[in-house]
Amino acid sequence: MIAFDCVKCGKRLSVGEEFAGKTGHCPACGEQMQVPDHSTEQSSPSASPQGETVLENPILPPSRRAALRSLLGEENNDRGRRRRRRQGILPEAGVTPARLQRFFKAAFMKAEVDDDGDVKVKSDAGITVWISIEAERKLLKYVATYGFKEDATEVDRLQLVNTLNDNVILVRFSVPRDDVLMADYYLYYEEGIVPYQIVNTLRHFANITVKAIREYDTEDLIE
């Protein structure tokens, strides 16, 4: 620990040794100062009537944490980072098909909005993914479909789906029709979402789906 007095108000302060040499502000009077390399002698008791303020514990009550950030000059930076994060979040009301289409086009993907209001995206992995907005549940649903070959039996189809669901994380597989294998994933967007997450989730979804089909369709059931 490094203990020293504020050069203006005489408040006795104490911080960890890792803060030596850093410039900050006194939490009592706001005076800018530099943390010394080692502890200094305490001034007379009359100069620091409130005693020593110890700021070494990172898990402090809010007022003590604020004092530590103020001492180290980090408070404004933290506020700036929080403000930038808020500015980068798309609010719930902003999650629309047209907005999603713009995000994917900005990521150099071919995207269009179909007649049902779903966003159709050609992924980097080579498959088409549909994204539908379930506004009441605050969910984005990602869907990709494959066709089964005509000679694929019901037992073969169900075995493939079970194998995929037993081994693949993130993506869920199902057989909505006898000739269709469907992969889907839901992304929650209540209280807003970062556009990067929307785009990156599609990339992960498409890559995982393609790799899963290649690895587990050992009977060559998919067209």
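Predicted model: local features only at pLDDT ≥ 70, side-chain atom pairs only at ≥ 80, totals over all residues.
Local features need pLDDT of at least 70 and side-chain atom pairs pLDDT 80 or more, while totals for chains, interfaces and linings use all residues. Residues are numbered from 1 along each chain as its sequence is written, and side-chain values use heavy atoms, without hydrogens and water.

**View 1. Helix H4, residues 154-167.** H4 has 14 residues and reaches 20 Å from its first C-alpha to its last, close to the 20 Å expected at 1.5 Å a residue (1.5 Å times one less than the number of residues). Helices are DSSP runs of H or I with at least four residues, and strands are runs of E with at least two, numbered from the N terminus.

**View 2. The two sides of H4.** Arg-157, Leu-160, Val-161 and Leu-164 are buried (under 20% relative accessible area; exposed is over 50%, partly exposed in between, with a 1.4 Å probe and protein chains only). These residues lie on the same side of H4 because they cover an arc of only 95° around the axis, taken from the directions from the axis to the C-beta atoms. Val-155 and Asp-166 are exposed on the face turned away.

**View 3. The aromatic cluster of Tyr-142, Tyr-185 and Phe-205.** Rings of Phe, Tyr and Trp (its six-membered ring) pair if their centres lie within 6.5 Å; planes under 30 degrees apart are stacked, over 60 edge-to-face, and the rest tilted. Tyr-142 in strand E9 and Phe-205 in helix H5 are 63 residues apart. Tyr-142 is buried, at 0% relative accessible area, and Phe-205 is buried, also at 0%.
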